[in-house]
Amino acid sequence: MKGVLKHMDKHTIIKLHQKGDSNRSISKITGINRKTIGKYVNEYKANIIALTDEATDVKEVQEK
């Protein structure tokens with residue numbers, strides 16, 4: 001299935017980002033498009049911010 005990332009791919013992207021790798025270097029390491037890397041990093045950051053809001057459903061964020 002082209003265009004669909006596995007959960008482990010997303011996990012790898014986030015772990016590399018947390019380690020300090022740039023989106024470009026993560027793209028080279030994983031073979032995933034740089035813009036896709038940016039999409040998932042931004043989604044991760046938005047979810048982290050959402051977790052600080054008391055009105056946020058934590059289970060919903062965790063599923064993402």
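Buried means under 20% relative accessible area, and exposed means over 50%. The exercises below use these cut-offs on a predicted model.

**Exercise 1. Is serine 27 buried or exposed, and what is it in contact with?**

Step 1. Serine 27 sits in helix H2.

Step 2. Apply the cut-off. The relative accessible area of serine 27 is 16%, so it counts as buried.

Step 3. List the contacts, leaving aside neighbours within four places in sequence. Serine 27 is then in contact with Ile32, Asn33, Arg34 and Ile37.

**Exercise 2. Describe the overall make-up of the protein chain.**

Step 1. Count the elements. The chain has four helices and zero strands.

Step 2. Read them in order. The pattern along the sequence is α-α-α-α.

Step 3. Check the burial. Of the 64 residues in the protein chain, 22% are buried.

Step 4. The accessible surface comes to about 5,200 Å². Carbon and sulfur atoms account for 52% of that surface.

Step 5. Look at contacts with a separation of 6 or more. Residues 24 or more positions apart account for 32% of them.

**Exercise 3. Work out which face of helix H1 is buried, and what covers it.**

Step 1. Take the dimensions. H1 spans residues 7-19, which is 13 residues. From its first C-alpha to its last it reaches 18 Å, close to the 18 Å expected at 1.5 Å a residue.

Step 2. Pick out the buried residues. In H1 they are Ile13, Ile14 and Leu16.

Step 3. Look down the axis. The buried residues of H1 fall within an arc of 165°, so they line one face of the helix.

Step 4. Turn to the face directed away from the buried side. It carries the exposed residues His7, Met8 and Lys19.

Step 5. Find the cover. Helix H2 (23-30) and helix H3 (34-51) are included in what covers the buried residues of H1.

Step 6. Go past the end of the helix. Glycine 20 follows H1, and its phi is positive, near 110°.

**Exercise 4. Find the salt bridge and judge the exposure of its lysine.**

Step 1. Search the whole structure. The search finds one salt bridge.

Step 2. Name the partners. Lysine 19 pairs with aspartate 21, and their closest N and O atoms are 3.4 Å apart.

Step 3. Judge the lysine. Lysine 19 has 61% relative accessibility, so it counts as exposed.

**Exercise 5. Trace the surroundings of isoleucine 37.**

Step 1. Locate the residue. Isoleucine 37 lies in helix H3.

Step 2. Check the burial. The relative accessible area of isoleucine 37 is 0%, so it is buried.

Step 3. List what it touches, not counting residues up to four places away in sequence. Isoleucine 37 touches Ile13, Asn23, Ile26, Ser27, Thr30 and Ile32.

Step 4. Isoleucine 37 and lysine 10 are 27 residues apart along the chain. Their C-alpha atoms are separated by 8.5 Å.

Key: Residues are numbered from 1 along each chain as its sequence is written. This is a predicted model: local features need pLDDT of at least 70, side-chain atom pairs count only at pLDDT 80 or more; totals for chains, interfaces and linings use all residues. Side-chain values use heavy atoms; hydrogens and water are left out. A salt bridge is a side-chain nitrogen of Lys or Arg within 4 Å of a carboxyl oxygen of Asp or Glu. Buried means under 20% relative accessible area, exposed over 50%, partly exposed in between (1.4 Å probe, protein chains only). Helices (H or I, at least four residues) and strands (E, at least two) are DSSP runs, numbered from the N terminus. The expected span of a helix is 1.5 Å times one less than its number of residues. The arc is that of the directions from the helix axis to the C-beta atoms. Contact means heavy atoms within 4.5 Å. Accessible areas come from the Shrake-Rupley method with a 1.4 Å probe; for residues, only the protein chains shown count as cover.
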